[in-house]
Amino acid sequence: MIELTNVSKTYPNGTKGLNQINLSISQGEFVVIVGLSGAGKSTLLRSMNRLHDITEGDIRIGGKSITQASGQQLRTIRRDIGMIFQSFNLVKRSTVLRNVMAGRVGYHSTLRTLLGLFPKEDTDIAFEALRRVNIADKAYIRADQLSGGQQQRVAIARVLAQEAKIILADEPVASLDPLTTKQVMDDLKRINQELGITTIVNLHFIDLARAYATRIIGLRAGEVVFDGPVSEATDNVFASIYGRPIEQDELLEERVV
Ligand SMILES: Nc1ncnc2c1ncn2[C@@H]1O[C@H](COP(=O)(O)OP(=O)(O)OP(=O)(O)O)[C@@H](O)[C@H]1O
């Protein structure tokens, strides 16, 4: 369970990224966050694992305040939260397997991970994660030898190796072509259903949001302006989230043809 209570975030330059957000997300939900560029989607996601500090309110993960946590407490909460980025954030010169093993660092001392002394079980966990996203055959290949879609799968495998209970994905398919986009979204959805990992994804494409989400949250100017099931997220609702009618380039299907 993720709970945000009266969360606001003002950047040091005075820009208000988030304004009085109240949300409660249950274990196993697949939530898609939509909104215009600058609406606050990244700020919201990054606040949830404290890549950003909020300036007001409280965020609780599994009942524990990540806002108040520090030191070991913060590391333990963060271990349960996996992050997926548009740019994959892999160590390009390392093998796929080493990148996935990086998901295990939260379970061991810094010295041990610096020396690369991962126990044998970690290798098993990493291979299991790679199998789940169908790229176990690439384990010993350098990450930068893979296609964008495959690199994003490595990032998903890293989160699986981390044994995260929550996945936060910030525009995970923005750098991918339409076909690869669907494959990566299918992976995220399958993992959500098979493992019950709470998944929160920022997406630009409206049809993609509708196809994968069970719940859509619409942001505008740092505020939640829609929160409901996909069945209620009509074109009119999207137009009201965006403050204008939907444009063709906000539909992935338009890019396929
Ligand atoms: N580091 C920063 N310093 C100051 N203002 C920022 C910073 N990061 C984001 N903002 C501002 O906060 C607001 C929300 O930005 P955010 O990146 O969260 O939006 P977004 O919905 O994710 O947009 P995009 O899809 O373009 O990434 C915007 O007005 C943005 O300009």
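Residues are numbered from 1 along each chain as its sequence is written. Because the model is predicted, local features need pLDDT of at least 70 and side-chain atom pairs count only at pLDDT 80 or more, whereas totals for chains, interfaces and linings use all residues.

The shell around the ligand, taken as residues whose C-beta atom, placed from the backbone, lies within 6 Å of the molecule, includes Tyr-11, Asn-13, Lys-41, Ser-42 and Thr-43. Its largest share, three residues, comes from helix α1 (residues 41–48), helices being DSSP runs of H or I with at least four residues, numbered from the N terminus.

The largest nonpolar core has 69 residues; such a core is a set of buried Ala, Val, Leu, Ile, Met, Phe, Trp, Tyr and Cys residues joined through C-beta atoms within 7 Å, and a residue is buried if 20 or more other C-beta atoms lie within 10 Å of its own. Helix α6 (residues 148–161) gives the most to this core, with seven residues. Among the residues with the most contacts inside the core are Val-32 and Ile-156, and Val-32 touches Val-201, Leu-203, Ala-209, Tyr-212, Ala-213 and Ile-216, with residues up to four places away in sequence not counted (contact meaning C-beta atoms, placed from the backbone, within 7 Å).

Twelve of the 14 residues of α6 are buried, including Ile-156 and Ala-157, and the buried residues of α6 pack against β6 (81–85), α3 (96–101), α5 (120–132), β7 (166–170) and α7 (178–195), strands being DSSP runs of E with at least two residues. The helix is followed by Glu-163, whose phi is positive, near 55°.

Conventions: Two residues are in contact if their C-beta atoms, placed from the backbone, lie within 7 Å.
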